[in-house]
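Here are some comments on the structure, written for someone new to reading such models. Please keep the sequence and the 3D view open while going through the points.

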Amino acid sequence: MRSTEESAGQQPEDEQRAAELRAELDELLRASRYASQRERRLNEAIQATPGRRHPDGDLLRQLAQARVLREGLGARCLQLSDQLQELEIELRQRQHPQPDPPEPRPHLHSRPHRTPQPRRSSQPHQTPQPHQAPQPPPPPEPHRQHQPPPPATRPDLGALTERITGLHRTGALPEVEELLNQAATRLAPADAALLVGILSRRGPTGASLQLARTAAGNTPEHAVAVLAELRELGLTEEAAELFHAFWAYPASAVPALLGALERAGQHADGATLLWEWGSAPTSELTSLAACLQQHGRPADVRTLLRQAVGRPTADLVGLATELPPALATLLLHELAALRPPTELVRLAAALDGHRELYGQLLAALLADGTRHRTTLAALRTAGLPTAPKPATPRSRWGRR
């Protein structure tokens, strides 16, 4: 009984200690980010003096100090992460005790899937006593169900880095790739970004970029969260690698990715992504425009079509032909607003065989006749119609 009371009294202290460790770890991560930014600025300052054979000694001294500080903060972060992991494991075991002592387990991959059960035949003395009726135990069960789940333990990123480095040294590249894929899939965004930072400093060459690139294979929400964490840590090269991997997303996945970027406040990334898609092949661009329209993103559709306005005339004719009618009308109105008169005349001549598309372009020009006076005059000079053709009347019997 005394040991139970002591354990119950120690638990709040351990929870307080865990909270303090988390707060200290967050502060150290911020300090490490600032140290990395200072080191990068000092490197840029040294490289900005090409006329000197020997860089400024003061700059070199500051750079060495910044590097030592960054490495020391990184080592302390790993140490705190390990301490926090051990403490959270103890808290979880204390909150959810097991009837049998835990057996030594080599790793998560070899965890036995054994459900602990009371041994009724071999230990009959452990059965409930007669004065403990079977009805009272159920009330704690609902209370236990409402308890929050045990806190997730932070992975040992230092050990994972050493394992990746060791496998790379032995030439086991498939195993290294598998470990990076597992890390990108299973780690939380903050831990994944932290591992990328550790690999960039202490891991094999290219491992940090590969991990960042692999993170794009997760859900858009997870991938965007990793992107934000990488930028917070000052890992600009790895963040650019992850963002470039977004360009390989299929058209059906782009609306969800744009939504995730918006919710994360990365609006400029969404605009850049649409700008890149503006030069995609006609079939892919048409597919993306249709997907954006289906997901209720008209502003993105308009941005995408505006990016496509600068394509060659032949591509624009094919795009207007393949797009749904409503999107084709929107494209032609954007063309009328953005393209110069000579190119509009060339486009109108290419659309002369497509009666509906030509009529939509002409309607966009006539909607602001004063602005497009030069274009309309050039159309008349080229022998192209400048007035909408009236619909041919049909007889009541269905014959013309």
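**Notes on the model**

1. Glu-20 has a relative accessible area of 39%, so Glu-20 counts as partly exposed. The partner of Glu-20 is Arg-17, and the two form a salt bridge in which the closest N and O atoms are 3.9 Å apart. The cut-off for a salt bridge is 4 Å, so this pair is counted. Arg-17 is also partly exposed, at 36% relative accessibility. Both residues sit in helix H1 (residues 2–47), and because they are 3 residues apart there, about one helical turn separates them.

2. Keep in mind that this is a predicted model. The chain has 400 residues, and buried residues make up 35% of them. Its secondary structure comes to 18 helices and 0 strands.

3. Arg-76 pairs with Glu-24, and the closest N and O atoms are 3.3 Å apart. Arg-76 belongs to helix H2 (residues 57–95) and Glu-24 to helix H1, so the pair ties together parts that are 52 residues apart in sequence. Arg-76 is partly exposed, with a relative accessible area of 27%. Glu-24 is partly exposed too, at 27% relative accessibility.

4. The next pair is Arg-306 and Glu-334, a salt bridge with the closest N and O atoms 3.0 Å apart. Arg-306 lies in helix H13 (residues 298–308), while Glu-334 lies in helix H15 (residues 325–338), so this pair ties together parts that are 28 residues apart in sequence. Are the two partners buried or partly exposed? Arg-306 is partly exposed, with a relative accessible area of 43%. Glu-334 has a relative accessible area of 5% and is buried.

5. Some salt bridges share partners, and in this way Glu-262, Arg-297 and Asp-300 are joined into one network. A search of the whole structure finds 10 salt bridges.

6. Which residues gather in a patch of negative charge on the surface? They are Glu-86, Glu-90, Asp-156 and Glu-162. Asp-156 is found in the loop between helix H3 (140–145) and helix H4 (157–169).

7. Is Thr-165 buried or exposed? Thr-165 is buried, with a relative accessible area of 12%. The cut-off for buried is under 20%, so the label follows from the value. Leaving aside residues up to four places away in sequence, Thr-165 touches Arg-202, Gly-203 and Pro-204.

8. For a check in the 3D view, please start with Arg-76 and Glu-24, whose salt bridge has its closest N and O atoms 3.3 Å apart. Then turn to Thr-165 and find Arg-202, Gly-203 and Pro-204, which Thr-165 touches. Finish with the patch of negative charge on the surface, where Glu-86, Glu-90, Asp-156 and Glu-162 gather.

Key:
Residues are numbered from 1 along each chain as its sequence is written. This is a predicted model: local features need pLDDT of at least 70, side-chain atom pairs count only at pLDDT 80 or more; totals for chains, interfaces and linings use all residues. Side-chain values use heavy atoms; hydrogens and water are left out. Patches are made of residues with over 30% relative accessible area and no salt bridge: like charges are joined within 9 Å, nonpolar side chains (Val, Leu, Ile, Met, Phe, Trp, Tyr) within 5 Å. Accessible areas come from the Shrake-Rupley method with a 1.4 Å probe; for residues, only the protein chains shown count as cover. A salt bridge is a side-chain nitrogen of Lys or Arg within 4 Å of a carboxyl oxygen of Asp or Glu. Lys and Arg count as positive and Asp and Glu as negative; His and the chain ends are not counted. The place of a charge is taken as NZ of Lys, CZ of Arg, CG of Asp or CD of Glu. Helices (H or I, at least four residues) and strands (E, at least two) are DSSP runs, numbered from the N terminus. Buried means under 20% relative accessible area, exposed over 50%, partly exposed in between (1.4 Å probe, protein chains only). Contact means heavy atoms within 4.5 Å.
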